[in-house]
Structures are given as C-alpha cells and as structure tokens.
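Please keep the sequence and the structure in view while reading.

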Amino acid sequence: MKKESKSRRSKFYITTAIDYANASPHMGHAYEKICADAIARWHRFKGEDVFFLTGTDENAQKNVQAAGEAGVEVEKFVDDNSRKFINLCGALNLSHDDFIRTTESRHKEVSQAIFAKLYEKGDIYKGFYEGHYCEGCEAFITEKELIKGECPEHNLKPKLIKEESYFFKLAKYQKDILKLLEEGLVEPETRKNEIVNRVRDGLKDLSVSRKNLDWGIAVPFDSDHKIYVWIDALINYISALGWPDGEKFKKYWPTDLHLIGKGINWFHSVIWPAILMSAGIELPKKIFVHGYLTIEGRKISKSLGNAVDPTPFIEEYGVDPIRYFLMRDVSFGQDGDFSREAFIQRYNGDLANDLGNLLNRTLTMIEKYFKGLIPPGGEELGADEDLLNFARGLHKKLDTSMAGLDINRSLETIWELINKANKYIEDSKPWELFKGDKRRLEVVIYNLAEVLRLVLLSIRSFIPKTAENMLKQLDPSSAIEQAGFDDLAAWGKLKAGTKISKGSPLFPRIQKEQ
Ligand code: ME8
C-alpha cells in the first residue's frame with residue numbers, strides 16, 4: 001500500500017534566483033534561500049518528490065568589474081565568491097539538491113543550444129543598439145526610468161552603449177505573455193499588476209548579445225558576441241536539470257515555484273516565459289516575488305554599502321534563530337526592516353521564552369512527577385478543549401497557509417499553539433494536581449507532551465535543527481526523518497512510558513549587554 005502511494009508521489013521543483021558572484025553574500029540573499037528551503041522542506045514533509053535548486057550567476061559584467069577593482073583574475077574572483085555562497089548554503093542548513101554555477105560547462109552548452117534554437121526559430125536577428133546600460137541591473141534602462149540621471153535601484157549612472165547586437169523578438173510574444181500573466185503566473189497580486197501594466201504599455205525587442213566582451217558565453221554562431229547575461233542566467237533553471245533529455249528534466253520540469261526578489265520580476269515574468277515559448281518548452285507554474293530586507297527603509301545591498309553578513313549571527317546564536325527571525329518578522333511578499341534589536345526581541349521572546357520554556361517546563365515536570373517517563377493520556381475535560389482543538393486542527397491550518405505561501409502566518413499559527421500550551425500550564429496548575437489528583441496530572445502532562453510532538457513536527461520545515469533537538473529530548477528513540485504530514489494530523493502518537501532525555505535549554509537568553 002505504502003509503496004504504491006510512493007510511486008504516485010507528486011513532484012515539486014523549486015528554484016531561487018542565482019546570486020551574482022561579484023561580492024560576498026548578504027542577509028537579503030540568505031533570506032530568499034531560507035524561505036525557499038522552508039517551502040522545499042514543507043513539500044518533502046508532505047511526501048512530495050522535491051527538487052530544490054540554487055546557484056550563482058557568474059557571467060555578468062559586474063563580476064568582471066568587481067574582479068578588476070579587487071585586482072584579481074575574473075575566474076578566480078568568481079570561484080572565490082561562488083564558494084562563499086556554497087558555504088553559506090551549508091551554514092544556513094539548506095536542503096538544496098543542486099547548486100548550479102553558470103560558468104560550468106553543463107550550463108554553457110545548454111545556454112548556447114537554447115540561443116541557437118531561438119535563432120533557428122527566426123526569433124533572433126542582428127541589429128544595432130544604443131541605450132543606457134546599468135551594470136547593477138545588468139540591463140538597459142530607459143530615459144524614463146532614470147532618476148537624476150541614475151538607476152533608482154542601484155544609484156548608479158548607467159553607461160551609454162552604442163553597438164551591434166543580436167535582438168530577440170520579444171514584442172511578438174506580448175499577447176501570449178499578457179494572457180499568461182492574467183491567468184495568474186505571478187504572485188502576489190501587486191507584483192502581477194505591476195508587470196501586467198508594463199506589458200500592456202508594449203514590449204520592445206530585446207538586445208540579447210554584447211559585442212567584444214572577454215567574459216561570458218559566446219553566441220554559438222558568432223564568436224564576436226557574448227550571450228546577454230540575463231538570458232544565460234535564466235537558462236540555469238533548465239540547464240541544471242539537463243535539458244533536453246536529462247532524467248531530471250523529464251521528471252521535474254516545469255518549475256512549480258520560481259522564488260525571486262522584486263527587482264528581477266520583469267526578467268522572470270516576461271523575458272523567461274518568452275524564451276520558453278520561443279523554444280517550445282513548457283512554462284513554469286508559479287513565480288512568487290518576495291520583498292526586500294531593508295535597513296532603515298533602504299534595500300540591503302552591496303552597491304548601497306549597507307550589506308549585513310549573516311555569518312556572525314549564525315556563529316553566535318546558531319542557524320535557527322536567524323532562520324526563524326527572517327521568516328517570522330517579514331511578511332512574505334513584502335519588505336521588512338532588519339535590525340539586531342528586533343532579532344534579539346524575537347529570540348528572547350518567541351524562542352527562549354515561548355518555545356524554550358514550554359519544552360523545558362514540560363520535561364522538568366515529566367522528570368519530577370513521573371521519573372522521566374511520559375504518562376498515559378486519558379479523559380479530556382472542558383479545560384483541555386481550547387488547546388486540544390487547536391492542536392488537532394494545526395495540520396489543516398498549516399496546510400492552507402503553506403499552500404498560499406504564507407510563511408510568516410504559518411509560524412504565527414505554530415506560536416499560537418505554543419502560547420496556548422504555556423497558558424494551559426498556568427491554568428491547569430500541575431504542581432497543585434501533583435498534591436491531589438495524580439490521574440488528572442497524567443492527562444495534563446500527556447497533553448503537553450503530545451502538543452510538543454506536534455510543535456516539533458510543524459517547526460521542522462522552518463527550524464529543522466531545533467526540531468531534531470526537541471525530538472532528542474522528548475522521544476530520543478524515534479527518528480524525525482520518518483515522520484511526515486500524517487503524523488502531524490494524528491493525535492496521541494506519543495507512547496506512554498517513553499523515556500525522555502532532558503537536555504540544555506534550546507535558546508539561552510541573550511543578555512542585554514551582548
Ligand atoms: O539579481 N532583500 O542576483 P543578486 C531580499 N543574478 N532579497 C534580496 C535583497 C534584499 N535586500 N537583495 C537581493 C540577481 N535580493 C541575478 C539573478 S536569476 C536567473 C539571476 C535577492 O545577487 C534578489 O532580489 O542581485 C534576487 O532574487 C536574489 O537576492 C539575488 O540577487
């Protein structure tokens with residue numbers, strides 16, 4: 001029976017943007033990858049066959065420029081920076097299945113093959129381009145978009161470029177792209193509308209090659225030109241799967257979710273589908289556009305000089321507090337301001353006080369009142385209703401919020417249960433029951449332990465190390481890998497008589513001076 005349902009498992013292909021290897025990663029990069037990881041883990045938890053892709057964008061001119069400024073050869077420069085992104089994936093405890101670098105030959109080959117395919121289709125022609133190129137965006141921008149002569153996203157003065165270029169017939173796809181957008185490719189709604197309005201204004205053919213560059217992927221039929229970096233970068237989503245014949249491509253394409261930041265919506269929601277349409281490749285199912293992490297309202301970014309490195313936070317407090325903070329504090333899809341004070345507040349409040357104390361108090365009572373053995377449950381009273389009803393409905397609530405990619409709402413829901421459990425301890429006063437009503441004490445403590453089991457299963461996609469740690473303390477003999485969504489939907493799975501193993505507090509409080 002189990003085998004059969006496994007073979008019918010649905011697949012879920014999720015990607016993040018690939019980061020420019022022009023500098024070290026910052027908190028904004030970490031944010032996107034953490035959110036993607038939680039979504040990937042949630043889908044695995046639900047029993048789906050997930051493929052989670054991330055990587056680095058290495059053929060950009062901004063990488064060449066940064067290498068020049070650093071006085072390092074471009075290849076070595078992108079190698080070093082790409083390694084920092086790979087290391088960050090480890091530090092963030094990402095569960096990605098592949099990391100693609102666009103300097104890899106598997107990627108170059110597919111980029112050239114797609115470019116040739118668009119050319120054969122008659123969608124690429126040679127012309128002449130004159131315009132303002134912003135190296136921050138790696139894109140031409142119009143006069144209208146400039147503010148005081150600068151690109152508003154990067155505060156950079158663009159370069160005036162006049163050169164021969166190959167063009168892609170983007171305008172030809174306007175009607176089809178508009179239809180696709182109106183059918184709901186892009187979420188949230190505000191991001192969809194932004195793009196729909198721009199597409200309605202009209203699409204112009206796109207310059208898709210640059211002449212006389214030393215760095216990048218050569219146009220397959222004209223070695224004087226390099227493929228425009230955005231075209232090559234977008235192709236990572238299929239090159240990593242081994243388009244056209246690779247097993248992974250057959251199994252996982254099309255993308256179920258491209259997760260990207262708002263500055264690159266246009267490239268993903270307009271240019272990418274047009275390339276796929278031209279190449280005759282199935283279209284992605286969903287693009288979700290998240291907001292920016294900001295500091296005092298300004299986007300965190302290397303070029304704006306306010307980049308925050310996530311590493312010290314991970315080294316100091318472990319990875320889960322920063323994972324939790326970013327996903328809980330920022331409304332998914334909107335911008336969110338980052339500050340150390342807000343991080344400490346969430347850490348001490350939600351993690352140390354609410355979750356840490358709930359585990360600690362419950363396990364302490366199991367040790368004290370039941371010699372470390374989980375007591376049997378039993379008859380439920382009216383006083384249990386609020387907690388137990390909420391606990392029994394948790395899986396449905398989370399399923400709904402995660403289906404809507406409402407990550408912060410999902411965490412809010414889990415914390416609602418944690419807070420109800422803490423209140424339940426206050427209201428049911430186990431220390432008094434210990435003196436007079438042992439049977440009722442057993443039931444109360446069992447309910448708390450069972451709620452902890454549900455909590456650890458439900459936080460597992462978001463803060464997986466904490467979930468593992470909790471399981472080791474609550475039910476040391478069971479393996480978390482084997483638990484799935486069905487276990488979250490069931491009440492009473494924790495066996496009476498299980499020996500707990502109380503450990504040190506999950507989240508030691510951060511003192512103010514620190
Ligand atoms: O755009 N807050 O690379 P990138 C949240 N190479 N997200 C942020 C952010 C912030 N402060 N700053 C950046 C690129 N991001 C291209 C992508 S995909 C085929 C090519 C997000 O290093 C940004 O929006 O500038 C993007 O989704 C990702 O981090 C990589 O940004």
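## Terms and the model

A residue is called buried when its relative accessible area is under 20% and exposed when that area is over 50%, with partly exposed in between. The model described here is a predicted one.

Helix H7 spans residues 189–200, and its 12 residues reach 16 Å from the first C-alpha to the last, close to the 16 Å expected at 1.5 Å a residue. Within H7, the residues Arg191, Lys192, Ile195, Val196 and Val199 are buried. They lie on the same side of H7, because the arc they cover around the axis is only 135 degrees. As a general point, an α-helix has 3.6 residues a turn, so residues three or four places apart point the same way.

The buried residues of H7 pack against helix H6 (174–182) and helix H11 (265–279), and also against strand E8 (186–187) and strand E14 (287–290). On the face of H7 turned away from this buried side are the exposed residues Thr190 and Arg200. Just after H7 comes Gly202, which takes a positive phi of about 115 degrees.

## Where H2 meets H13

Helix H2 (residues 27–45) packs with helix H13 (residues 319–329) at an angle of about 90 degrees, their axes being 10 Å apart. That angle makes H2 roughly perpendicular to H13. From H2, the residues Met27, Tyr31, Ile34, Cys35, Asp37, Ala38 and Arg41 meet Ile322, Arg323, Leu326 and Met327 of H13. The residues of this contact divide into eight nonpolar and three charged, with no polar ones.

## Backbone features in loops

Most residues other than glycine have a negative phi, and most peptide bonds are trans. Against that background, the peptide bond from Trp243 to Pro244 is cis, with omega near 0 degrees, and Pro244 lies in the loop between helix H9 (236–239) and helix H10 (247–252). A cis peptide bond also joins Trp253 and Pro254, with omega of about 5 degrees, and Pro254 lies in the loop between H10 and strand E13 (257–261).

Asn212, a residue other than glycine, has a positive phi near 55 degrees, and its place is the loop between strand E10 (209–211) and strand E11 (218–219). Asn212 counts as exposed because its relative accessibility is 62%. Lys371, which is not a glycine either, has a positive phi of about 50 degrees and is found in the loop between helix H14 (340–370) and helix H15 (385–403). With a relative accessible area of 73%, Lys371 is exposed.

Conventions. Residues are numbered from 1 along each chain as its sequence is written. This is a predicted model: local features need pLDDT of at least 70, side-chain atom pairs count only at pLDDT 80 or more; totals for chains, interfaces and linings use all residues. Side-chain values use heavy atoms; hydrogens and water are left out. Helices (H or I, at least four residues) and strands (E, at least two) are DSSP runs, numbered from the N terminus. The expected span of a helix is 1.5 Å times one less than its number of residues. Buried means under 20% relative accessible area, exposed over 50%, partly exposed in between (1.4 Å probe, protein chains only). The arc is that of the directions from the helix axis to the C-beta atoms. Contact means heavy atoms within 4.5 Å. Axes are lines fitted to C-alpha atoms, for helices over the stretch in contact, and angles run from 0 to 180 degrees between N-to-C directions. Angles under 35 degrees count as roughly parallel, over 145 as roughly antiparallel, 65 to 115 as roughly perpendicular and the rest as oblique. Ala, Val, Leu, Ile, Met, Phe, Trp, Tyr, Cys and Pro count as nonpolar, Asp, Glu, Lys and Arg as charged, and the others, Gly among them, as polar.
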